[in-house]
Amino acid sequence: MRILHVPHAYHPVVGGAELICKRVSEILVTKGHEVAVLTTDVGAVQAYYEYGVPRVADAAATVEGVPVKRLEFSDAFYRAGGWADSHMRPRWIGRRFAGRMWRYLNRRLDRSITEEIRQWHPDVVMTMPHLVTNVRSVVAARLQLGFPLVMVPMLHEQDPHIDIPGTTKGLSAADAVIALTNHEAHRLAESYGVARQKIFMASVGIDMASICLPEMDRQKRVVFLGRQVKSKGIGDLIEAMQHIWPDHSDAELVIAGIRLPESAEVDRQITALPELWRDRVRNFGRISEAEKAELLRSASCLVLPSKAESFGMVVLDAWTQETPTVTWDLPVFRDIVDHGNDGLLVDPNGGAVALAKAIERLLSAPNEAKRMGRAGRRKAAASYSWASVAAVYLDACDYAVRHGRAQAN
């Protein structure tokens, strides 16, 4: 089968959608399918709705046997829009010029994606995540070309950038839709009007060694992993640590993940801390997979304080290193974390104080934290396989092809 994947970004860009697309693409290639990736040169999803995000330089490459083509988005026009938005005076002229650049970039991407799909002539197209610019372009192309379409919306319903009415309309163009959790599948059927027979439950996978991990002393270390943006809840975590440090002055907060323009807000929060506490914060920026594993192996817990997730794959990263997790008690995380067994779920109405209590529970009870971490590793090994995920994607593609042919007839 000729399968074209159109994600918003691809390796070496780091993120959940990027990793899912990469691993599924690689596995389907090993199964004999002709898979290609069509994406853009953005360095992070934020580039589709804000200026100043670095680009990925390579226009075309083959990554682990998968051909990848990156269309221009973050080029001179993008940079010109960013300059106007930040420097052009009067401000209203700068904003107007920047807005025109956005419209030009989006129209150009529509044309480019339509032409690439026309030339490649795939049996089926898969696009992700929710209605980001690349997905809008694929939906527009489908109206012209009529190819079978699989969508992976990865709903972020608390994200201020999500267009729920537009997402609903976009999903109506899909022949098959892939959900990551039972909660997401329910939301797709009940609130977005997706027919249940079109919904495929794929979850996500994790790469982990089968060997036992060596015993090591855990430090009083609280870890955050992810893009350093407001929507990930880093501000809540920094506030929570201020309730912890009076009784645990040796506790350390480590922040690791790609930095973007809005990461300056994280820096300001850290700078505003008293010097004694500020010295207990370490911000590494982006780290390698090996560094991530080593960091998690030495930590008391991973904290994911985001309220806008479709899954939260760093939870699995933590579990592979026998590290327990702390997340908000939200439907998406209830599908993943078993409270008190492999992590802790915190009432989001309790805010930073409630988050602090959960973190302190794990800092104060290392044996309980160890038990939860080991339970998490067992769950990750038993329940999250990339091979199983890729099989569901292939089933969805098969269904989309058959459904598309039926509709055409």
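1. In this predicted model, the side chains of Lys220 and Asp250 meet in a salt bridge, with 3.6 Å from N to O. The pair links distant parts of the chain, 30 residues apart: Lys220 sits in the loop between E8 and E9, and Asp250 in the loop between helix H7 (234-244) and strand E10 (252-256). Lys220 has 28% relative accessibility and counts as partly exposed. Asp250, at 42%, is also partly exposed. As background, side chains of opposite charge can pair when their charged atoms come close.

2. A salt bridge also joins Lys232 and Glu309, whose closest N and O atoms are 2.7 Å apart. Lys232 lies in the loop between E9 and H7, while Glu309 lies in the loop between strand E12 (301-304) and helix H11 (314-320), so this pair ties together parts that are 77 residues apart in sequence. Is Lys232 buried or exposed? Its relative accessibility is 12%, so Lys232 counts as buried, the cut-off being under 20%. Glu309 is buried too, with a relative accessible area of 12%.

3. Within helix H3, Glu115 and Arg118 are three residues apart, about one turn of the helix. Their side chains form a salt bridge in which the closest N and O atoms are 3.4 Å apart. Glu115 is partly exposed, with a relative accessible area of 35%, and Arg118 is partly exposed at 43%. In total, the structure holds 23 salt bridges.

4. How many aromatic pairs does a search of the whole structure find? The search finds ten. In one of them, the rings of Tyr51 and Tyr78 have their centres 5.2 Å apart and their planes at 50°, so the pair is tilted. Tyr51 lies in the loop between strand E2 (34-40) and strand E3 (60-63), and Tyr78 in helix H2 (residues 76-87), so the contact ties together parts that are 27 residues apart in sequence. Both tyrosines, Tyr51 and Tyr78, are buried.

5. Phe73 and Trp102 form another tilted aromatic pair, at 6.4 Å centre to centre with 35° between the planes. Here too distant parts of the chain are linked: Phe73 is in the loop between strand E4 (66-71) and H2, Trp102 is in helix H3, and they are 29 residues apart. Phe73 and Trp102 are both buried. Ring pairs link Tyr48, Tyr51, Phe73, Tyr78 and Trp102 into a cluster.

6. Most residues other than glycine have a negative phi, and most peptide bonds are trans. The peptide bond from His11 to Pro12 is cis, with omega near 15°, and Pro12 is in the loop between strand E1 (2-6) and helix H1 (16-30). The bond from Met128 to Pro129 is also cis, with omega near -10°. Pro129 falls in the loop between strand E5 (124-127) and helix H4 (133-145).

7. His121 is not a glycine, yet its phi is positive, at about 50°. His121 lies in the loop between H3 and E5 and is exposed, with a relative accessible area of 60%. Ser203 has a positive phi as well, near 55°. Ser203 is in the loop between strand E8 (199-201) and strand E9 (221-225), and at 14% relative accessibility Ser203 counts as buried.

Notes:
Residues are numbered from 1 along each chain as its sequence is written. This is a predicted model: local features need pLDDT of at least 70, side-chain atom pairs count only at pLDDT 80 or more; totals for chains, interfaces and linings use all residues. Side-chain values use heavy atoms; hydrogens and water are left out. Rings of Phe, Tyr and Trp (its six-membered ring) pair if their centres lie within 6.5 Å; planes under 30 degrees apart count as stacked, over 60 as edge-to-face and the rest as tilted. Helices (H or I, at least four residues) and strands (E, at least two) are DSSP runs, numbered from the N terminus. Buried means under 20% relative accessible area, exposed over 50%, partly exposed in between (1.4 Å probe, protein chains only). A salt bridge is a side-chain nitrogen of Lys or Arg within 4 Å of a carboxyl oxygen of Asp or Glu.
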